[in-house]
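Let's take a friendly walk through this model together. Have the sequence and the 3D view open side by side as you read.

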Amino acid sequence: MMYWIYLILAGLSEIVWAYGLKLSHGFTEPVWSAITVFFMFISFFLFAKAMKAISIGTAYAVFTGIGAAGTAVVGILFLGEEINILKTLSLFVLIAGITGLKLIGEGKNRKEEKIC
């Protein structure tokens with residue numbers, strides 16, 4: 001279970017650095033640039049730890065899915081990006097896919113329990 005927590009935290013960190021990248025204005029804002037680089041490091045560090053026990057295909061799909069869905073929601077909530085029925089439906093499909101990969105991966109990935 002710990003490796004899934006690493007993976008979820010990695011995905012959440014990806015959301016932070018993506019948002020920070022937008023606010024850094026091409027790395028011209030020093031504070032947001034530092035926040036962005038810090039969360040990039042954290043994100044990839046946690047992602048690498050998660051892949052010790054989660055297959056690369058599942059881990060990468062979940063990692064990028066959390067980042068993509070979360071960043072889209074952040075854009076809608078904080079950056080005034082458009083929301084419509086197709087975007088909403090697509091986000092639900094993405095989240096369902098992430099959930100499905102987690103559930104499928106959990107049954108096959110007993111190596112994780114031995115490593116923890």
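Where is H25 found? H25 sits in the loop between α1 and α2; helices here are DSSP runs of H or I with at least four residues, numbered from the N terminus. Before going further, note that this is a predicted model, in which local features need pLDDT of at least 70, side-chain atom pairs count only at pLDDT 80 or more, and totals for chains, interfaces and linings use all residues. Residues are numbered from 1 along each chain as its sequence is written, and side-chain values use heavy atoms, with hydrogens and water left out.

Back to that loop. Most residues other than glycine have a negative phi. H25, although not a glycine, has a positive phi of about 50 degrees. F27 lies in the loop between α1 and α2 as well, and its phi is also positive, near 60 degrees. H25 counts as exposed because its relative accessible area is 52%, whereas F27, at 44%, is partly exposed. The cut-offs are under 20% for buried, over 50% for exposed and in between for partly exposed, with a 1.4 Å probe and protein chains only.

Now step back to helix α1, residues 2-23, which holds L12. At 41% relative accessibility, L12 is partly exposed. L12 also belongs to a nonpolar surface patch with M1, M2, I5, I8 and L9, and together they have about 520 Å² of accessible area.

Next comes the aromatic side of the story. Rings of Phe, Tyr and Trp (its six-membered ring) pair if their centres lie within 6.5 Å; planes under 30 degrees apart are stacked, over 60 edge-to-face and the rest tilted. By this rule there are 8 aromatic pairs. One of them joins F41 and F45, stacked at 6.1 Å centre to centre with 15 degrees between the planes. These two are 4 residues apart in helix α2 (residues 30-50), so about one helical turn separates them. F41 is exposed at 57%, while F45 is partly exposed at 44%. Elsewhere, ring pairs link F44, F47, Y60 and F63 into a cluster.

Finally, look at helix α3. Its 23 residues (56-78) should span 33 Å at 1.5 Å a residue, and the end C-alpha atoms are 32 Å apart, which agrees; the expected span is 1.5 Å times one less than the number of residues. T58 is in α3 and counts as buried because its relative accessibility is 14%. Leaving aside residues up to four places away in sequence, T58 touches W4 and L101, where contact means heavy atoms within 4.5 Å. Just after α3, G80 takes a positive phi of about 70 degrees.

Key
Patch = residues over 30% accessible without salt bridge, like charges linked within 9 Å, V, L, I, M, F, W, Y side chains within 5 Å. Areas by Shrake-Rupley, 256 points an atom, 1.4 Å probe, with all protein chains shown as cover. Salt bridge = Lys/Arg side-chain N within 4 Å of Asp/Glu carboxyl O.
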